[in-house]
Amino acid sequence: MSIETAATSLVDVVVLTEMERMNLSQLCVSSAKEVVPPGLLPLCNRPLIWYSLHPWVEAGFPYVFVCAVEGNHALSEYLRQAFPQLRIHYVPVPAYVKGERSTSCDAVRAYLNYKQQLRLRDDDEPEPLTPAAGVPRDKLREERAALEAEPRDAVLVGCETVLAGVPLLPLVDRFYSSLASVTALLFRPLPRKEEKKAAGGKRHGPPQAAEPLPVAHSFSCTAYEEDDVIADMTAGARAVPAAGGPLHHRLHFLERLEESDAKVGVTMAFAARRPNLTFAADTVDMRLYVVRHWVLQLIAETAGDPDESVEDTVIPRLVRSQHTTVNVRVHASQTPDERIGFAIPPYWMYTGHQSSVDSLNAARGTVLPPRADSLRVFATIYEERADLPCKLYRVDSCEAYLAVTQELLEGKARLMELDAAAPRASTVGTDAPAEDEALRSRSALAASVPHNPLTLTAKEGDQRLHIVTSYVSDASELFNANVTKSVIGPGVVLAEGATVRNSVLLANVVVGAKCKIENSVLGKGAIVKDGQTVRRSFVRGGCSVNDDVSNAVVE
């Protein structure tokens, strides 16, 4: 069996459409209480969930499970049209559990219950229809459906996770070759431009209020080993990633950097057994976890508690609990099973006989139990390189939404310019211009999106409309306006003399005469009165802006 076939057959892809910490309420909820599912929030000319699902479709995964709030018919209808070749299972998740908003743990429990219902339905299937009674049943399709109902390991991924140029099949393959219980996907972005420049430099010209915003990341504190003997042995050789390839590490600590109580406590004995232990605070947890089926069951047991979530509590707890702790004074030990309160099944390689602690842990101690710990947590880290078309995003805030949109526009414009220049260069016997290496990582996402309806430069004479590097869904209501590096949704009205730069205007926004919109997002149906300026702000859908606003949230 090839890696491609094995990877797509061993795991379920489970998309969680409403994760914790998705601070997009200004864009998804209007003042009239009209709610847009986060997955349908447009990112340029595609909804957000398209960017989440597209890499898995390209990798050859034949089906996915989409966990969405009950009654989300608009999402299911869009996915049916956008991915007709993909078998999509819609898992209904209650919006509230015990009076509290449902969490990612509730979504995982709903997914397991859905799988159980699939198995029960397969067991109770009626006899096949005869040709005389109707269309004969598709045996192969029924067999595939039965296999999809079987308990499997899973990839849990949030719909706000955007993977551009990431090879997914090696990620799954490495999960199995390292005997991991959990593998978390992390991303190490390049330092921002402000961090590279020396402080104190003089800035010439007017303030750069309309310059695109850089993508800001929510970093995590991590502690990981540079080498893992077992992972190298099971892979057949010492695992040395190719140039620009991911790094696979045994993970010992994972907490959000912003958490004030995130403290790494390591004993001298623990550190002595792991000389290659590395501490870092420059990686981003991408909310993508490849997990064993028993981990899914553990997550489901925590459902119903509003304080429990996959990212914030369950995964960090598993990371901290994967080693047996020893109290030498009283000759007692506490195994991972006891620390998490769950019976961890032994890995299949060690079923039927005892395995030494030396194999999966560190050196044997006087009190360590004879059986090796079966809980192993890893991290696969992708490092951004300017010369490689690979980058990861988390669109979980209004700031991230705007910054990713601007980066997508920039990358798409660059790719379109290269495509336009290639034929001209070939006519004079020269090669097409090489893409600027500094833009390759930022062009990875743009390469997956169709060119249209991006407009590089256009001037509409009758309307005196000037559009540069923008997505414009409908220009019929744009009069004597200037639109630069922006996204204009359907039904938007721009009155005489309006200027929009580096901004996103969702559907049915009305901008008055001589208004200036810069580095801002206006929600569906928002209204900006004549002559007002909106800079670096977010306007909730349906709200009205009557005065100039800057660095604000209008609700």
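## Starting at Leu79

Setting aside neighbours within four places in sequence, Leu79 is in contact with Ile49, Leu53, Val66, Ile88 and Tyr90 (contact means heavy atoms within 4.5 Å). Leu79 sits in helix H4; helices here are DSSP runs of H or I with at least four residues, strands are runs of E with at least two, and both are numbered from the N terminus. With a relative accessible area of 0%, Leu79 is buried. The scale works like this: buried means under 20% relative accessible area, exposed means over 50%, and partly exposed is in between, using a 1.4 Å probe and protein chains only. Pro47 is 32 residues away from Leu79 along the chain, and the C-alpha atoms of the two are separated by 10.0 Å.

Before going on, note that this is a predicted model, where local features need pLDDT of at least 70, side-chain atom pairs count only at pLDDT 80 or more, and totals for chains, interfaces and linings use all residues. Residues are numbered from 1 along each chain as its sequence is written, and side-chain values use heavy atoms, with hydrogens and water left out.

## The whole chain

The protein chain has 16 helices and 33 strands. Of its 555 residues, 50% count as buried. Take the contacts in the chain with a separation of 6 or more: 63% of them come from residues 24 or more positions apart.

How confident is the predictor? Its confidence in each residue is the pLDDT, which runs from 0 to 100. The protein chain averages a pLDDT of 79, and 74% of the residues score at least 70.

## Where to read with care

Two stretches deserve a caution. Over residues 126-133 pLDDT stays under 50, and the model has seven contacts for them beyond four places in sequence. Over residues 195-209 pLDDT also stays under 50, with six contacts beyond four places in sequence. Where pLDDT is low, the predicted coordinates should not be read in detail.

## Helix H3 against helix H4

Helix H3 (residues 48-58) and helix H4 (residues 73-82) have axes that come within 11 Å and cross at roughly 45°. That makes H3 oblique to H4. Axes are lines fitted to C-alpha atoms, for helices over the stretch in contact, and angles run from 0 to 180 degrees between N-to-C directions. Under 35 degrees counts as roughly parallel, over 145 as roughly antiparallel, 65 to 115 as roughly perpendicular, and the rest as oblique. The crossing of H3 past H4 is right-handed, a label for the near helix being turned clockwise from the far one by less than a right angle, with anticlockwise giving left-handed.

Which residues meet here? Ile49, Trp50 and Leu53 in H3 meet Leu75, Tyr78 and Leu79 in H4. By class, this contact of H3 with H4 has six nonpolar, no polar and no charged residues. Ala, Val, Leu, Ile, Met, Phe, Trp, Tyr, Cys and Pro count as nonpolar, Asp, Glu, Lys and Arg as charged, and the others, Gly among them, as polar.

H3 is mostly covered, with ten of its eleven residues buried. Among the buried ones are Leu48, Tyr51, His54 and Trp56. After H3 comes Gly60, with a positive phi near 100°.

## Helix H11 against helix H12

The axes of helix H11 (residues 293-301) and helix H12 (residues 310-320) come within 11 Å and cross at roughly 125°. H11 and H12 are therefore oblique to each other, and H11 passes H12 in a right-handed crossing. On the H11 side the contact is made by Trp294, Val295, Leu298 and Ile299, and on the H12 side by Val310, Val314 and Leu318. By class, that gives seven nonpolar, no polar and no charged residues.

## A buried glutamine

Gln406 belongs to helix H15 (residues 398-427). Is Gln406 buried or exposed? At 6% relative accessibility, Gln406 counts as buried. Apart from neighbours within four places in sequence, Gln406 is in contact with Pro212, Leu213, Asn502 and Asn519.

Most residues other than glycine have a negative phi. Lys514 is found in the loop between strand E25 (510-511) and strand E26 (516-518), and is exposed, with a relative accessible area of 65%.

Arg536 is not a glycine either, and has a positive phi of about 45°. Arg536 lies in the loop between strand E29 (533-535) and strand E30 (538-539). With a relative accessible area of 34%, Arg536 is partly exposed.

Definitions and conventions
pLDDT = per-residue confidence, 0-100.
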